[in-house]
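Reader: I'm new to this one, and I'd like to learn how to read it. Please take me through it feature by feature.

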Amino acid sequence: MKGVTWVKGKNQKLKLLYLARIMQEQTDDSHGLTMPEIIKELAKYDIEAQRKSVYDDLDALDDFGIEIIREQVGYKTYYHCGNRDFETAEIKILVDAIQSSRFISEKKTHDLIKKLEKSFSIHDARIFDREIKVSGRVKSMNESIYYSVDAIHTAINENRSIRFRYFSWNVKREEEFRRNGEYYAVSPWALHFDNERYYLIGYDHDKQEIRHFRVDKMRNVEVTEENRQGRKEFEKQDRTKYNEQYFRMFGGEVEHVVLRCRNEMANVIIDQFGSDVWIRPEDGGTFVAKVDVAVTSQFLSWIVALEGKVRLVEPESAKTKMKWLMEQQFTE
């Protein structure tokens with residue numbers, strides 16, 4: 001029309017991209033948008049749109065693979081996004097796997113779940129947030145594990161050795177580096193995932209033998225220029241020997257349990273129950289730990305396997321179960 005200037009907005013070239021975002025974020029099988037509502041949402045991105053152009057853009061999205069479904073409700077037509085990369089049930093499975101993985105830290109767990117939520121509409125994401133429960137599982141305390149895994153993969157692919165420092169937990173919940181903090185020189189041959197933890201299987205240059213290392217206990221991992229060693233030694237190994245066995249707290253009522261442990265077992269206790277486990281040092285090279293655990297046969301057998309380095313103090317009911325287990329399972 002003569003004398004009229006149409007202002008299309010500065011983001012007009014991004015119109016199709018913003019339209020895709022609006023449909024994927026704000027619509028789903030239960031929530032649609034009318035054409036006036038779509039145009040209003042585009043205006044929030046400084047994009048002026050006419051009905052005809054939006055119709056064409058929705059068809060383009062559909063042709064591209066972003067399914068756009070039209071549904072007539074009374075006199076109104078609603079548009080919503082159909083197919084998605086993941087079904088809701090699939091996302092929940094992935095979230096459960098992330099939450100239950102010990103090697104993924106609490107912070108990284110939260111970050112990964114937030115990224116997965118982007119596969120939902122905002123409506124499903126709100127419901128999803130309410131359904132997610134913090135599992136209470138012991139999570140990795142080493143946030144750098146992701147960089148360590150990446151460095152190890154790089155070294156394996158490039159046939160390089162690595163160097164790193166390795167630690168254990170002490171009774172004060174502090175990281176205590178082995179070999180007085182000196183770097184380990186290791187040729188990485190495999191990453192083994194077992195019992196929700198990553199293990200590096202590598203050739204220790206100093207010990208001249210194949211060893212395994214907990215990746216979450218490795219610090220300052222660096223890829224060196226040195227080629228890997230120990231190929232023949234690695235190929236002789238049985239990979240199953242590296243499986244670590246830990247007790248599982250299957251079923252049973254959770255009880256408040258007191259353990260008396262030698263100081264050397266601080267690393268084991270913190271690994272199993274987390275860095276916030278209640279610990280009180282004692283004289284004579286021992287400490288007391290208080291934990292909440294289901295007193296199952298698996299738990300009691302775990303204590304037995306530690307050969308007296310961890311002793312059950314309370315409650316009496318747990319001690320009674322221990323005596324029964326010893327009589328029934330370990331004697332004839």
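**Reading the structure**

Author: Let's start with one residue and who it meets. Leaving out residues up to four places away in sequence, Thr-34 touches Lys-76, Thr-77 and Tyr-78; contact here means heavy atoms within 4.5 Å. A few ground rules: this is a predicted model, where local features need pLDDT of at least 70 and side-chain atom pairs count only at pLDDT 80 or more, while totals for chains, interfaces and linings use all residues. Residues are numbered from 1 along each chain as its sequence is written, and side-chain values use heavy atoms, with hydrogens and water left out.

Reader: Where is Thr-34 found, and is Thr-34 buried or exposed?

Author: For the "where", you need the helices (H or I runs in DSSP, at least four residues) and strands (E runs, at least two), numbered from the N terminus. Thr-34 sits in the loop between helix H1 (15-26) and helix H2 (35-43). For the rest, buried means under 20% relative accessible area, exposed over 50%, and partly exposed in between, with a 1.4 Å probe and protein chains only. Thr-34 has 9%, so it counts as buried.

Reader: How many helices and strands are there in the chain, and what share of its residues count as buried?

Author: The chain has 11 helices and 12 strands. It is 332 residues long, and 41% of them count as buried. Among contacts with a separation of 6 or more, 67% are between residues 24 or more positions apart. The accessible surface comes to about 19,800 Å², with 49% belonging to carbon and sulfur atoms; areas like this come from the Shrake-Rupley method with a 1.4 Å probe, and for residues only the protein chains shown count as cover.

Reader: How do I read a sheet? What is the order of the open sheet of four strands?

Author: Strands of a sheet pair through backbone hydrogen bonds, either parallel or antiparallel. Two strands pair if DSSP finds at least two bridges between them. Here the open sheet has the order E10-E11-E9-E12, with antiparallel pairing. Its edge strands, E10 (278-281) and E12 (310-314), each pair on one side only. From one strand to the next, the twist averages 30°.

Reader: How many bridges pair strand E9 with strand E11, and how many join E9 to E12?

Author: E9 (residues 254-262) and E11 (residues 286-294) share nine antiparallel bridges, and E9 is joined to E12 by four, also antiparallel. Follow Arg-260: in E11 it stands opposite Val-288, and in E12 its bridge partner is Arg-311. Cys-261 has Phe-287 as its partner in E11. With a relative accessible area of 1%, Cys-261 is buried. Val-254 also lies in E9, but at 54% relative accessibility Val-254 counts as exposed.

Reader: Which helix packs on the sheet?

Author: Helix H9 (residues 266-273) does, touching E9, E10, E11 and E12, and its direction makes about 25° with that of E11. Axes are lines fitted to C-alpha atoms, for helices over the stretch in contact, and angles run from 0 to 180 degrees between N-to-C directions. Asn-267 lies in H9 and is buried, with a relative accessible area of 13%. A polar contact of 3.0 Å joins its side chain to that of Lys-217. A polar contact is a pair of N or O atoms within 3.5 Å; within protein, one must be able to donate a hydrogen and the other to accept it, and residues adjacent in sequence count only if both atoms are side-chain atoms.

Reader: How many disulfides does the structure hold?

Author: A disulfide is a pair of cysteine sulfur atoms within 2.5 Å, and the structure holds zero.
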